[in-house]
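The sequence and the structure come first.

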There are 2 protein chains.
Amino acid sequence: MSLLVTGTIGIDSVETPHGKAVDVLGGSALYFAYAASLLTQVRLVGAVGDDFPKAHMDLLRQRPIDLAGLEVRKGSKTFRWQGKYTPDMNDRETLGTQLNILTEASPKVPEAFKDSKYLFLANDHPANQRRFIDQMAGPKLIVCDTMNLWIDTCRDELVKTLSCVHGVILNDGEARQLTGQSALVAAARDVLKLGPEFAVIKKGEHGSMLVTPGDVFMLPAYPTTGVKDPTGAGDSFAGGMMAHLASQDRTDVSALRYGLAVGTCVASITIEGFSLDALRTADRDTVLQRLAKLRAATRFD
Amino acid sequence: MSLLVTGTIGIDSVETPHGKAVDVLGGSALYFAYAASLLTQVRLVGAVGDDFPKAHMDLLRQRPIDLAGLEVRKGSKTFRWQGKYTPDMNDRETLGTQLNILTEASPKVPEAFKDSKYLFLANDHPANQRRFIDQMAGPKLIVCDTMNLWIDTCRDELVKTLSCVHGVILNDGEARQLTGQSALVAAARDVLKLGPEFAVIKKGEHGSMLVTPGDVFMLPAYPTTGVKDPTGAGDSFAGGMMAHLASQDRTDVSALRYGLAVGTCVASITIEGFSLDALRTADRDTVLQRLAKLRAATRFD
């Protein structure tokens, strides 16, 4: 079934203990779409300036990513971000952000995309996220991401958006910040009271958790030792998860659980290279092999 | 098969956001033995002073804990510890430590205990840990715990002890400190180079990990929301794990994996009460029920 993502597309410069990447492809919707495209067709809605390099556009065209919703605005400049990770790569410092096109009007959902059944709203101002929902014909599954900035600065808007989605993906710190609960299961249950039918909590190297009103599922991270650049891990995770749900056209708890496992494996590929480097050489089989290894590494009987 | 534990037996006073417990039973070997006794017979080697309350001794006698190795020394004082946890209970401050009997000669392993096949060396100076090993007839499985203090102050002694054991249980910070590796799988593999056949890394609320030369197993923590006092979680985990191995008389990877799951469930009971309060009302069935729930919460297919 059709899968649509909205969010940022950017040009990143990143430094980690394993090297440096300058002016590479980045952004939440970009990582999501590229990760999801390992498993299914994906529709991308976003905007870049006319400075967006042709080589980057060519890279996207090599995948089953429908770019009909990608606006290239004349006279605008693409969003840019520069960051540097700490030696253990568990934290990062933003060295610079040029919002550029993100300060302009949001891109529109093309007519042909409005029937999409699976919608992922990558991190954005929660009011913007609702404006995307309003443009759709009525997706079967709407999932949103968010960030600490919106919890701090426009909590009411975020709460309103959470009442309009079926699922939300947060990291552990955000879940605690939003609810004031330190135990993550309790935090997730409080998030569900705001509207969503499920909450996915990402814990970085510690894995992820799915909480529904009647179920808790916990999954460790894929045991990679080759992390080069953690950028895009969360968005790739969401891309893998949503691609699984859309390709199976299922939203039940069992499919969600498997979706978390797919997301975990896809994210583990992303972080083994800078930007899209590792994802570029991966395919469906790479994901399936990691899924088998993840299952073997988590079984006890 | 016979299971022996050596380590501290103490009198603790603990404060957490959920309350206070004054002059309650504590200590590494004590938590280990009481936890293990839910599943099997356990032999305890330790020393207390003649100030050790009769009520505490009576509590131990209600369980299948063989106290023939518990020395009650006239004129000596029992080890005491006072601590206070942070609001999120992920860290604690030591308010006071009275080493007392721990500054005297270590207790001896009684003749009748020397044939024990399963030996757990709770946290102690690594040279002391080796002295316990030397008293034994040749256990089938020797597992030790350690702490950051020994990594800092007598690393060479610790490395020597690690070359004498089959397995080691560390927390994530200790594994990183010992090896200088930030990725835990890589840290565990470096620990194995020092001698042990397996390393168990405890990650608190994030679960645990088992690494052998050919295998990685990852397990989330049991999803309890009722944590009252984290004291003794790690020793209870070890107690549950070793009790499983000893009761099954198995040391293969599959048994080790299941042992981690048993340890996880037993530890989750411990932390739901102060001191032994929650463990006292638990039994084998409580553990089995949690094991079933843990398996259900970690499965994807």
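**Buried strands and the chain contact**

In chain A, strand β11 (residues 198-202) has five of its five residues buried, so β11(A) is largely enclosed by the rest of the structure. The model is a predicted one. Strand β9 (residues 141-145) of chain A is also largely enclosed by the rest of the structure, because five of its five residues are buried. Chain A also touches chain B, with 30 residues taken from each chain.

**Strand β11(A) and its neighbours**

- On one side of β11(A) lie F198(A), V200(A) and K202(A), and on the other A199(A) and I201(A); all are buried, and both faces of the strand are covered.
- Strand β10 (residues 167-171) of chain A pairs with β11(A) in the parallel sense, over five bridges.
- Within this pairing, F198(A) in β11(A) has G167(A) opposite.
- Strand β12 (residues 208-212) of chain A pairs with β11(A) in the antiparallel sense, over four bridges.
- Here A199(A) stands opposite V211(A) of β12(A).
- The hairpin of β11(A) and β12(A) has five residues between the strands, and in this hairpin G204(A) takes a positive phi near 60°.

**Strand β9(A)**

- From β9(A), L141(A), V143(A) and D145(A) point one way, while I142(A) and C144(A) point the other way; all are buried.
- Strand β8 (residues 118-121) of chain A is paired with β9(A) in the parallel sense through four bridges.
- I142(A) in β9(A) has L119(A) opposite.

- The size of an interface is often given as the accessible area lost when the parts come together.
- Between chain B and chain A, about 2700 Å² is buried, and carbon and sulfur atoms give 61% of this area.
- On the chain B side, the residues that lose the most area to chain A are H206(B), M218(B) and F300(B), together 29% of what that side buries.

- R176(B) forms a salt bridge with E205(A), with the closest N and O atoms 2.9 Å apart.
- In chain B, α7 (184-192), β13 (215-219), α9 (253-270) and α11 (284-298) each supply at least two residues of the side that touches chain A.
- With six residues, α11(B) gives the most to that side.
- The residues of the chain B side that touches chain A divide into 16 nonpolar, five polar and nine charged.

Terms used:
Residues numbered from 1 in each chain as written. Chains lettered and ligands numbered in written order. Predicted model: local features only at pLDDT ≥ 70, side-chain atom pairs only at ≥ 80, totals over all residues. Heavy atoms only, no water. Contact = heavy atoms within 4.5 Å. Buried area = accessible area lost by both parts, 1.4 Å probe. Salt bridge = Lys/Arg side-chain N within 4 Å of Asp/Glu carboxyl O. Nonpolar A, V, L, I, M, F, W, Y, C, P; charged D, E, K, R; others polar. Buried < 20%, exposed > 50% of the residue type's maximum accessible area, 1.4 Å probe, protein only. Pairing = 2+ DSSP bridges.
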